[in-house]
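Here is a briefing on one structure. Please look at the sequence and the fold first, then read the points below.

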Amino acid sequence: MPFSYADTLNLISKLTPKRVRNGLQVVSSYYFSRLTGRATHWGLPTSISFEPTTSCNLRCPECPSGLRSFTRPTGMLSADLFKQTIDELHQSLLYLTFYFQGEPYLHPAFLEMVQYAAAKKIYTSTSTNAHYLTDANARKTVESGLDRLIISIDGTTQETYQQYRIGGKLEKVLEGVKNVIRWKKELKSQTPHVVFQFLVVKPNEHQIGEVYQLARQLGVDAVGLKTAQIYDYQNGSPLIPSLNQYSRYRQEADGRYSIKNQLLSHCWRMWHSCVITWDGLIVPCCFDKDAHYRLGDLKTASFASQWASEPYRNFRQTILRSRSEIEMCRNCTEGTKVWA
């Protein structure tokens, strides 16, 4: 997470005695579970991700939204379902991400949902390709109370940018960034904390230095360099960077590629967070893009009852026993981000 004193103080300001107590319960139950080997949970999530929509205007090559390759239903989040869940969790919930798959600004009520969560003093964040940050949307974004705005910018020239962000226009991204920063100044607002997220792939790795310079010129608060997840990585990919520190994969002696990190049998995410799809399914994390591991459904029962359910407990127990038993986890790299 990009560090700034103002943003960190803003996050801390969202803490309440109930959120602190819940956080301590989550942390202690996680370490107790690792120590004993028995999946135990004593709290509610401190962070969740809500998927506003699966729709997207771009065709990025390693994204199910871009590829239009979902096997699950696609659609848009019901505002009533969202509010119902927030009403249930807001006393314990500290951090809310409005993103899973798709482009959040395509949801017509997206900023109203942000405002609803912000009014309950939850730290709110989203990730966008910035093609819909018109002057009006930029003002609404600042007024909504959104705390963090992550903008995907994977190139500093149109030629480079469009190699990954297929169908995108860098000019529109930069115009949207300028709109948000102008309205922050106009409305004398410290938020949202604007972050450039640069997904490092081979076609753009030569522009890493340039994206920092561009951020300074525009008044962007931080830059995050993110490594790319490649689905079929074993035989290599034209997207795998040649700069080793920005690659999740290493080339073996036989020429094939493997994931760098070890597959350890524990996962902090299974204790402190989860993802909720647009249609109310509860899935373990952002690696489950097609919602294969469905651990609950908010259309059938409360969140709390499903967070502590037998299917969830069994899933956590499998994680502790051997993550290699779970297909999704075998391709999990917990993608490295380098913040500045």
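A polar contact is a pair of N or O atoms within 3.5 Å; within protein, one must be able to donate a hydrogen and the other to accept it, and residues adjacent in sequence count only if both atoms are side-chain atoms. At the start of helix 4, a side-chain oxygen of S78 comes to within 3.3 Å of the backbone nitrogen of D80. Helices (H or I, at least four residues) and strands (E, at least two) are DSSP runs, numbered from the N terminus.

This is a predicted model, in which local features need pLDDT of at least 70, side-chain atom pairs count only at pLDDT 80 or more, and totals for chains, interfaces and linings use all residues. Residues are numbered from 1 along each chain as its sequence is written, and side-chain values use heavy atoms, with hydrogens and water left out.

**Helix 4**

- Helix 4 covers residues 79–89, and L81, F82, T85, I86 and L89 are buried there. Buried means under 20% relative accessible area, exposed over 50%, partly exposed in between (1.4 Å probe, protein chains only).
- Seen down the axis, the buried residues of helix 4 fall within an arc of 130 degrees, so they line one face of the helix. The arc is that of the directions from the helix axis to the C-beta atoms.
- The cover over these buried residues includes strand 1 (47–50), strand 2 (95–98), helix 5 (110–119), strand 9 (273–276) and helix 11. Contact here means heavy atoms within 4.5 Å.

**K14 and helix 2**

- K14 is in the loop between helix 1 (5–12) and helix 2 (17–36).
- K14 is buried, with a relative accessible area of 11%.
- Leaving out residues up to four places away in sequence, K14 touches R19, L94, K121, I122, Y123 and D147.
- K14 and V26 are 12 residues apart in sequence and 17 Å apart in space, C-alpha to C-alpha.
- Helix 2 has 20 residues and spans 28 Å from its first C-alpha to its last, close to the 28 Å expected at 1.5 Å a residue. The expected span is 1.5 Å times one less than the number of residues.
- R19, N22, G23, V26, S29, Y30 and S33 are the buried residues of helix 2. They cover an arc of only 135 degrees around the axis, which puts them on the same side of helix 2.
- P17, L24 and L35 are exposed on the other side of helix 2.
- Helix 10 (269–272) and helix 12 (310–321) are among the elements that cover the buried residues of helix 2.
- Just after helix 2, G37 takes a positive phi of about 80 degrees.

**Aromatic rings**

- Rings of Phe, Tyr and Trp (its six-membered ring) pair if their centres lie within 6.5 Å; planes under 30 degrees apart count as stacked, over 60 as edge-to-face and the rest as tilted. By this rule there are 13 aromatic pairs.
- The ring centres of Y105 and F110 are 5.0 Å apart with the planes at 70 degrees, so this pair is edge-to-face. Y105 is buried at 9% relative accessibility, and F110 is buried at 1%.
- F303 and W307 form a stacked pair, 5.7 Å centre to centre with 25 degrees between the planes. Both lie in helix 11 (residues 303–307), 4 residues apart, about one turn of the helix. F303 and W307 are both buried.
- One aromatic cluster is formed by F50, F82, F98, Y105 and F110.

**Charges over rings**

- A charge sits over a ring if NZ of Lys or CZ of Arg is within 6 Å of the ring centre and within 35 degrees of the ring normal.
- The charged end of R316 sits over the ring of W307, 4.5 Å from its centre.
- K289 lies over the face of F287, at 5.4 Å from the ring centre.
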